[in-house]
Amino acid sequence: MSRIGKLPVAIPKGVEVKLADSELTVKGAKGTMTLNVHPEMKVTIDESEIRVERPSDQQSHRALHGLSRSLIQNVVTGVTDGFSKTLEIIGVGYKAEATSAGITLSLGFSHTIAYAAAEGISLTCPNQTTIVVSGVDKQKVGQAAAEIRSFRPPEPYKGKGVRYQGEHVRRKAGKTAGS
């Protein structure tokens, strides 16, 4: 039995869950999301929890068991609390500014970078060196944060660039004067 797959997904108050064929629809305070569950996985919905069961003990079914449960948990968490990632900008003159279409980044290039987020993703800048990416879909939030970070990833000598909050960048020693 999969340790993750056998755990039930709790349904919080105010969340509606419907299953039609293999499409799970979850409606909550932050929005509505649909998830296509693998047709071989059996999903049962009780009043307060969702359970995922697998048909056999094959390797592919064992892998899908935990995956399906995790995806359902992410959908339920997304419509109740949402997901967010915080990015930090480090470097002299590096800054971010929120616009109506997304954000504008100044990262030491000769031009500014305009980034428009995907639908359902909100980008905010509490200050010039912090970007908060938030939304209900965990995959889209992570993808948007990774795309912003890819414009100027942190470099190992001075640590300048865009990094996740709390990310540790391993620093290298620079050149030493020859004697």
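Colleague: How many residues lie between E8 and E9 in their hairpin?

Modeller: Strands of a sheet pair through backbone hydrogen bonds, either parallel or antiparallel. In this structure, E8 and E9 make a hairpin, with four residues between them. Strand E8 covers residues 95-98 and strand E9 residues 103-106, and four bridges pair them in the antiparallel sense. Two strands pair if DSSP finds at least two bridges between them. This is a predicted model: local features need pLDDT of at least 70, side-chain atom pairs count only at pLDDT 80 or more, and totals for chains, interfaces and linings use all residues. Residues are numbered from 1 along each chain as its sequence is written, and side-chain values use heavy atoms, leaving out hydrogens and water.

Colleague: How many helices and strands does the protein chain have?

Modeller: Both are DSSP runs numbered from the N terminus: helices are H or I with at least four residues, strands are E with at least two. The protein chain has two helices and 13 strands. Its C-alpha trace spans about 70 × 45 × 25 Å along the principal axes.

Colleague: Which strands are at the edges, E2 and E4, and what does an edge look like?

Modeller: Start with the order: E2-E3-E4 is an open sheet of three strands with antiparallel pairing. Its edge strands, E2 (16-20) and E4 (32-36), each pair on one side only. On average, neighbouring strands of this sheet are turned by 15° against each other, direction ignored. Inside the sheet, E2 is joined to E3 (residues 23-27) by five bridges, and the two run antiparallel.

Colleague: Where does helix H1 lie?

Modeller: Angles run from 0 to 180 degrees between N-to-C directions, using lines fitted to C-alpha atoms, for helices over the stretch in contact; contact means heavy atoms within 4.5 Å. H1 (residues 59-80) lies across E3 and E4, running at about 175° to E4. A further open sheet has three strands in the order E1-E6-E5, again with antiparallel pairing. Here the edges are E1 (9-10) and E5 (42-45), each pairing on one side only. H1 packs on this sheet too, touching E1, E5 and E6, and its direction makes about 160° with that of E6. E1 and E6 share two bridges, and Val9 stands opposite Ile50 in E6.

Colleague: Is Thr130 buried or exposed?

Modeller: Buried means under 20% relative accessible area, exposed over 50%, and partly exposed in between (1.4 Å probe, protein chains only). Thr130 counts as buried because its relative accessibility is 16%. You will find Thr130 in strand E12 (residues 130-135). Setting aside neighbours within four places in sequence, Thr130 is in contact with Thr86, Leu87, Thr124 and Cys125. In the whole protein chain, buried residues make up 32% of the 179 residues.

Colleague: And which side chain does Asp57 join in a polar contact?

Modeller: A polar contact is a pair of N or O atoms within 3.5 Å; within protein, one must be able to donate a hydrogen and the other to accept it, and residues adjacent in sequence count only if both atoms are side-chain atoms. The side chains of Asp57 and Arg54 are joined by one of 2.8 Å. Asp57 sits in the loop between strand E6 (49-53) and H1, and it counts as exposed because its relative accessible area is 51%. Thr130 also has a polar contact, 2.8 Å, from its side chain to that of Asn127.
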